Amino acid sequence: MLHIDIHSFSYKKGGIPKDESGNGGGFAFDCRGILNPGRIEEYKSQTGNDQGVQEYLETKTEMPVFLNLIKNIVSITIDNYLDRGFENLQINFGCTGGQHRSVYSAIKTAEFIKEKYPEGTYITIHHDEQPQLNNL
């Protein structure tokens with residue numbers, strides 16, 4: 001069983017999360033190249049789990065293209081790790097505050113992996129700056 005540990009984090013606050021599996025590495029994707037919905041007043045107090053933020057990211061930014069590329073890269077590694085019997089993979093998404101873009105990316109990537117790899121994977125998701133979302 002491949003455990004895939006997904007994190008959203010803030011580059012300003014905690015930086016790239018440490019890989020607790022002991023393997024070191026994994027992926028760290030920088031979401032700061034995507035327009036930040038946190039700069040728009042109505043989205044400031046929301047997170048990447050909120051509908052308005054998600055619609056903004058999906059229709060007003062390059063996020064769909066960004067995530068499709070990530071899904072392709074991650075799939076190559078997941079396929080390889082499953083074939084080789086590896087047990088751990090960490091995928092991290094960072095943005096300025098760890099609230100909008102990284103949270104959205106972590107959630108959507110977890111959904112993609114659950115759908116594409118219903119067998120052989122176990123996913124945990126951690127929103128390092130948004131702990132109230134960790135029970136999703």
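Q: How many residues of strand β1 are buried?
A: Eight of the nine residues in β1 (residues 2-10) are buried, so the strand is mostly covered. Buried means under 20% relative accessible area, exposed over 50% and partly exposed in between, with a 1.4 Å probe and protein chains only. Strands are DSSP runs of E with at least two residues, helices are runs of H or I with at least four, and both are numbered from the N terminus.

Q: Experiment or prediction, and what are the ground rules?
A: This is a predicted model: local features need pLDDT of at least 70, side-chain atom pairs count only at pLDDT 80 or more, and totals for chains, interfaces and linings use all residues. Residues are numbered from 1 along each chain as its sequence is written, and side-chain values use heavy atoms, leaving out hydrogens and water.

Q: Which strands does β1 pair with?
A: β1 pairs in the parallel sense with β4 (residues 121-127) over seven bridges, and eight bridges join β1 to β3, also parallel. Pairing takes at least two DSSP bridges between two strands.

Q: And what does His7 face in β3?
A: His7 stands opposite Asn92 there, while in β4 its bridge partner is His126.

Q: New topic: Gln90, buried or exposed?
A: Gln90 counts as buried because its relative accessibility is 3%. Gln90 lies in β3 (residues 88-95).

Q: What about Gly22?
A: Gly22 counts as exposed because its relative accessibility is 67%. Gly22 is in the loop between β1 and β2 (27-30).
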